[in-house]
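Hi everyone, thanks for making time this morning.

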Amino acid sequence: MTAVAAKTALTGCLAPIDKGGLEQLIANGKANPNVIKTLKCKTVAEGKFRHANYIRSLPPYIVDEPPALLGDDTAPNPSEASLAALGSCLAVGLHANAVHRGWTVNKLELELEGDLNITAVWGTGDISEKPVGFTDVRVKVEMECEGIPQSDVDALIDHVKKWSPVANTFTRPVNLEVTA
């Protein structure tokens, strides 16, 4: 066994995960279950509805609106970006939990769609009483793991939904403060 193979958990067609690193993250979480990490993002308007979002030292993450919402269609809009965040969070959880269980993941794809009423047009259009934001979000997971029955994959999906930070943000109230 090579040094790289000993350090990583092979996951079929997906890039390997550092299993030792994963186990260390698990141990750290169990040792310090009340740790809160503050994530930060700086959003800078560039013009029209295009925004550059600066996170850590990464290149800017661009968010824009489609032409139907008066944008330039250069990037996902904020609601689409939230679906992407949900899909990625669920996928990370599925992958990490599968590796933790010793499963080999050959395929992991999620399709997300969400329904929202946009007639309020950011509070400038029809502001009659109606839900603002997503009313329904559907996620279809296609996950194939060598030798793992679908019932076990389904149980893993339920487990990951319960522990996904972004899924929980979608499903429970969050304290939000917006100030000048």
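Let's start at Asp126, which is partly exposed, with a relative accessible area of 36%. Keep in mind as we go that this is a predicted model. Asp126 has a partner: Lys130 forms a salt bridge with it, and the closest N and O atoms are 2.8 Å apart. Is Lys130 buried or exposed? Lys130 has a relative accessibility of 17%, so it counts as buried, because the cut-off for buried is under 20%.

That pair is one of several, as the structure holds seven salt bridges. Let me show you another of them, between Lys107 and Glu142, where the closest N and O atoms are 2.8 Å apart. This one links distant parts of the chain: Lys107 belongs to strand β6, residues 105-116, while Glu142 belongs to strand β7, residues 134-145, and the two are 35 residues apart. As for how open they are, Lys107 is partly exposed at 24% relative accessibility, and Glu142 is partly exposed at 34%.

Now look for Asp115 and Arg138. Their side chains meet in a salt bridge, 2.9 Å from N to O. Asp115 sits in strand β6 and Arg138 in strand β7, so this pair ties together parts that are 23 residues apart in sequence. Asp115 comes out as partly exposed, at 32% relative accessibility, and Arg138 is partly exposed too, at 35%. Which residues are linked in a network of salt bridges here? They are Glu113, Asp115 and Arg138.

Two packed helices are described by the angle between their axes and the distance between the axes. Here, helix α3, residues 78-100, packs with helix α4, residues 150-163, at an angle of about 125°, and their axes are 9 Å apart. That angle makes α3 oblique to α4. If you want the handedness, the crossing of α3 and α4 is right-handed.

One last stop, on the surface. Phe49, Leu70, Val121 and Trp122 form a nonpolar patch there, and together they have about 390 Å² of accessible area. Where is Phe49 in the chain? You'll find Phe49 in the loop between β3, residues 42-47, and β4, residues 50-54. Phe49 is partly exposed, with a relative accessible area of 31%, so it passes the patch cut-off of over 30%.

Note on methods:
Residues numbered from 1 in each chain as written. Predicted model: local features only at pLDDT ≥ 70, side-chain atom pairs only at ≥ 80, totals over all residues. Heavy atoms only, no water. Patch = residues over 30% accessible without salt bridge, like charges linked within 9 Å, V, L, I, M, F, W, Y side chains within 5 Å. Areas by Shrake-Rupley, 256 points an atom, 1.4 Å probe, with all protein chains shown as cover. Salt bridge = Lys/Arg side-chain N within 4 Å of Asp/Glu carboxyl O. Helix = DSSP H or I, 4+ residues; strand = E, 2+ residues; numbered from the N terminus. Buried < 20%, exposed > 50% of the residue type's maximum accessible area, 1.4 Å probe, protein only. Axes fitted to C-alpha atoms, helices over the stretch in contact; angles between N-to-C directions. Parallel < 35°, antiparallel > 145°, perpendicular 65-115°, else oblique. Left-handed = near helix turned anticlockwise from the far one by under 90°.
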